[in-house]
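Good morning, and thank you for coming. Please look at the sequence and the structure while I describe a few places in turn.

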Amino acid sequence: MVSPRTLPGDAGAALTVACVALPLNLALAVASGLPPEVGLVTGALAGVVAALLGGGRLQVTGPEAALVPTVLLIATRHGAAGVVAATLMCGALQLVLGFARAGRLAQWMPAEVTRGFTAGIGLLLLDSQLPRLLGASGGASSARSMVLPELWPGWSVHGASVVVGALVVACMLAIPKLHRSIPAVLVGLVLATAASFVGGLSDGLTRVGALPTGLPMPVLPSFAELDFAALLPDVLALTVLASLGSLLASRALDQMPGLTDHRTDGDQELVAQGFANTASALFGGMPVMGAIVRSSVSVQAGARTRAASVLHAVMLLAACILAGALVARIPMAALAAILVVVGTRLLDFRGLHALWTDNAGKAMVAVATALLIASLGFLPGLAAGVLLSLARSFFSPPKAHVRSHLLRTDGRPLFRPLGTNGEGLDVRPPMQLLRVRGDLDVRSAANLSAALQGPPWPRHLVLDLSDVKYMDAAGLRTVRELSEVLAVRGGRVIVVGARGGVEAMLQEAGTWTGTGPHALMSSMNDVLEDIKQQGGQTPIIQTTQPTT
């Protein structure tokens, strides 16, 4: 894990991520109804455990904005002790899921529902943090309550909170445009904290307050005074959210440009998250999950091994122990401003516009899922989004079109001469090319199966997926089934032109890696050259005959 060659880059990336994570962990703990120091302790301890055991070497784990609404609900209903107990049970359930190999189930989640889920969490974050940013008083606990006419006479805006928060927002928006390597979040937090002691800005500002000077002793949470029956549904929701969020974060990390050699074991990642949440609970912490924002920051800052994630957690622990007096002076409005910016970015208007341009139906499902999550809650909203996506899929025509071409091994069209009885000719087509255009999903997977020419079966089946932008688990299963059909009959499947998420799914499947007969290639020229080198023959597949 530690190498003199990679350590400088990992250390620099760890410092950058720690600068981002420190204020976020504080803000997320406060937003979840917990003391700010809980966020620091959680990020440090759980971050180390998940980094050492994770299914991917570059995943960064810690408190996440997506968990805030659920954790806040648990804290409101059951108190801080309920959060700790829920974190422990969540970790235990994640261990069960990981050992049961449930990590692969994330690939069944429709992409538009995932996008709607992210945007819905952003809406919930804005709803809870806008009043904190404005310093609203008079019972305005959410952005929705602030617009109710009956509350208008009762709440007011605190000017100092607005100024402090606006300074943080300005730094987060402007500094990256000047130089992306500058930790904008940390700079904004330092400037806002310094400004909060100038003139009248210090009047009435709520601050983080005293932090612990060391780690608490590990203690097994007590369930004696908790309503277990009422807590269990919240634990199940928390487990689904933390597990799904971690798996989706790891998949997004695998698909990042420049990380062609990074592949996450979803089952191992669930086990790591389970141990991380268990460790967090033993030290009185809050739930954690894989964080794609921090992971991508780490990669862009030069991280190459697990050491980056481990060092980032160690730096958080050092900040808690050595710089607690400085962290205690941070205004709450500054932390709320950070979360408002994060929530706005989670909405991803640019990505939604691109999705609308490409497929208006999917964009409508994403928007509906976000609104349903924001209004009904995570699990009901997510379930409704999945149902909407399925309904759209089955009631709309398939968008994938498959064209079949029979070719010679040199790429020219295959024509059989007329008037011959076929003697001396190979009845098996040398090559069949299937060009797929559109989404290869549950609606159109059957079209791909139906296009296979046989019998007689082709010796080389080439699947051109260069025009496929999205493939779900049903499409992947169909491609694997075609590979198995051809392999049994001495044939070969070559996938050409796969990019982005489609290529990542194929590589994760494992069928096209190792010493097997199938392959992933970038162009038809590579396919023809490969077939030429093999003399037009398919590899011999060794099979084991069953004994009787």
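Predicted model: local features only at pLDDT ≥ 70, side-chain atom pairs only at ≥ 80, totals over all residues.

**Helix pairs, a buried arginine and a sheet**

Let me begin with the pair formed by helix 1, residues 7-31, and helix 2, residues 36-53: they pack at an angle of about 130 degrees, and their axes are 7 Å apart. Angles under 35 degrees count as roughly parallel, over 145 as roughly antiparallel, 65 to 115 as roughly perpendicular and the rest as oblique. Helix 1 and helix 2 are therefore oblique to each other. Their crossing is right-handed.

Which residues make this contact? From helix 1 come Leu22, Asn25, Leu26, Ala29 and Val30, and from helix 2 come Pro36, Gly39, Leu40 and Gly43.

I now turn to a second pair. Helix 6, residues 159-178, packs with helix 7, residues 184-195, at an angle of about 150 degrees, and the axes are 8 Å apart. By the cut-off I gave, over 145 degrees, helix 6 and helix 7 are therefore roughly antiparallel to each other. The crossing of helix 6 with helix 7 is right-handed.

On the helix 6 side, the meeting residues are Val164, Leu167, Val168, Cys171, Met172, Ile175 and Pro176. On the helix 7 side, they are Ala184, Val185, Val187, Gly188, Leu191, Ala192 and Ala195. The residues of this contact divide into 13 nonpolar, one polar and no charged.

Next, a single residue. Please find Arg392, which lies in helix 16, residues 378-395. Is Arg392 buried or exposed? Its relative accessibility is 15%, and because buried means under 20%, Arg392 counts as buried. Beyond its neighbours within four places in sequence, Arg392 is in contact with Glu112, Asn359, Gly361, Lys362, Val365 and Arg443.

Five strands form an open sheet in the order 3-4-5-6-7, with mixed pairing. At the edges are strand 3 (401-407) and strand 7 (519-521), each of which pairs on one side only. From one strand to the next, the twist averages 20 degrees.

How do strand 4 and strand 5 run, parallel or antiparallel? Strand 4, residues 431-437, and strand 5, residues 460-467, run parallel and are joined by six bridges. In one of these pairings, Met431 has His460 in strand 5 as its bridge partner. Helix 18, residues 473-488, packs on the sheet and touches strand 5 and strand 6 (492-496). The direction of helix 18 makes about 145 degrees with that of strand 6.

Strand 4 also pairs with strand 3, in the antiparallel sense and over seven bridges. There, Arg403 stands opposite Arg435 in strand 4. How many residues of strand 4 are buried? Five of its seven residues are buried, and strand 4 is thus mostly covered. As a general point, side chains in a regular strand alternate between the two faces of the sheet.

That concludes my presentation.

Technical notes: Residues numbered from 1 in each chain as written. Heavy atoms only, no water. Axes fitted to C-alpha atoms, helices over the stretch in contact; angles between N-to-C directions. Helix = DSSP H or I, 4+ residues; strand = E, 2+ residues; numbered from the N terminus. Left-handed = near helix turned anticlockwise from the far one by under 90°. Contact = heavy atoms within 4.5 Å. Nonpolar A, V, L, I, M, F, W, Y, C, P; charged D, E, K, R; others polar. Buried < 20%, exposed > 50% of the residue type's maximum accessible area, 1.4 Å probe, protein only. Pairing = 2+ DSSP bridges.
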